[in-house]
Amino acid sequence: MVSMSPDDAARLRSLLQSRLEARVAQGPQSVAREDVDTSATAHDDDLGPHMAMDQAIASGRNAAWTAETIALAAALRRLEEEPDSFGDCEDCGEPIPLRRLELMPHAALCVRCQATRETGPARRRKVTDYV
Ligand SMILES: [Zn+2]
């Protein structure tokens with residue numbers, strides 16, 4: 001249970017909504033490119049490798065775009081369906097600091113659990129320290 005005030009919850013909700021709307025308005029990067037790519041490669045084979053790389057970059061952007069859009073939409077749904085537990089870390093259940101949520105309203109993990117997921121559980125610095 002997080003001690004988030006209704007004002008904070010409302011602020012986060014509008015933050016999530018505006019970010020989600022901006023994402024959707026921006027759209028995945030490669031959709032508008034596809035026509036350009038096919039017509040260009042038809043005329044100039046030298047552009048081939050460039051275009052392939054371009055598309056790879058675009059699809060990388062798409063993956064990031066998709067992941068963040070899904071995360072934003074999921075956070076918005078969590079906030080609406082379970083306002084009481086919104087902002088609690090998914091892994092340890094501790095409240096995520098409001099400042100972190102303001103920067104990353106779709107964050108589902110506290111900084112510590114996020115780091116643990118990315119790098120694995122905290123390890124001893126040196127085994128010899130404990131011998
Ligand atoms: Zn946590």
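These legends walk through several close-up views of a predicted model.

Figure 1. Start with the overview: the chain has five helices and zero strands. Reading along the sequence, you get the pattern α-α-α-α-α. Of the 131 residues in the chain, 26% are buried. The accessible surface is about 9,200 Å², with carbon and sulfur atoms supplying 54% of that. As for contacts with a separation of 6 or more, 61% of them link residues 24 or more positions apart.

**Figure 2. Helix α3 from end to end.** Helix α3 covers residues 48-81, which is 34 residues. From its first C-alpha to its last, α3 reaches 48 Å, close to the 50 Å expected at 1.5 Å a residue. Which residues of α3 are buried? Look for M51, A58, N62, W65, T69, L72, A75, L76 and L79.

**Figure 3. Zooming in on T69.** T69 sits in helix α3. Its relative accessibility is 12%, so T69 counts as buried, the cut-off for that being under 20%. What does T69 touch once its neighbours within four places in sequence are set aside? The partners of T69 are L20 and R23.

Figure 4. Four SG atoms hold the view together here: C89, C92, C110 and C113 are the protein donors of the zinc ion, at 2.3 to 2.4 Å from it. Along the chain, these donors follow the spacing C-x2-C-x17-C-x2-C. C89 belongs to the loop between α3 and α4 (98-103), while C110 belongs to the loop between α4 and α5 (111-119), so this pair ties together parts that are 21 residues apart in sequence. Is the site tetrahedral or irregular? With angles of 104 to 116° among the four donor atoms, the site of the zinc ion is tetrahedral. For reference, ideal angles for four tetrahedral donors are 109.5 degrees.

Figure 5. Is C89 buried or exposed? C89 is buried, at a relative accessible area of 4%, and C110 is buried as well. Beyond its neighbours within four places in sequence, C89 is in contact with E94, I96, A108, L109, C110 and C113. V111 is 22 residues away from C89 in sequence, and the two C-alpha atoms are 9.1 Å apart in space.

**Figure 6. D91 meets R117.** D91 is another residue of the loop between α3 and α4. At 42% relative accessibility, D91 counts as partly exposed. Which side chain does the side chain of D91 make a polar contact with? The partner is the side chain of R117, at 2.7 Å. Leaving out neighbours within four places in sequence, D91 is in contact with L109, C113 and R117. C113, also a donor of the zinc ion, lies 22 residues from D91 along the chain, with 6.6 Å between their C-alpha atoms.

Figure 7. S85 has its place in the loop between α3 and α4. With a relative accessible area of 33%, S85 is partly exposed. How many residues separate S85 and M4 along the chain? The answer is 81, and yet their C-alpha atoms are separated by 9.3 Å.

How values were computed
Residues numbered from 1 in each chain as written. Predicted model: local features only at pLDDT ≥ 70, side-chain atom pairs only at ≥ 80, totals over all residues. Heavy atoms only, no water. Helix = DSSP H or I, 4+ residues; strand = E, 2+ residues; numbered from the N terminus. Expected span 1.5 Å × (residues − 1). Buried < 20%, exposed > 50% of the residue type's maximum accessible area, 1.4 Å probe, protein only. Donors = N, O, S within 2.8 Å, 3.2 Å for Na, K, Ca; no water. Tetrahedral: all angles 85-135°; square planar, octahedral: opposite > 155°, others 65-115°. Contact = heavy atoms within 4.5 Å. Areas by Shrake-Rupley, 256 points an atom, 1.4 Å probe, with all protein chains shown as cover. Polar contact = N/O pair within 3.5 Å; in protein donor to acceptor, adjacent residues only side chain to side chain.
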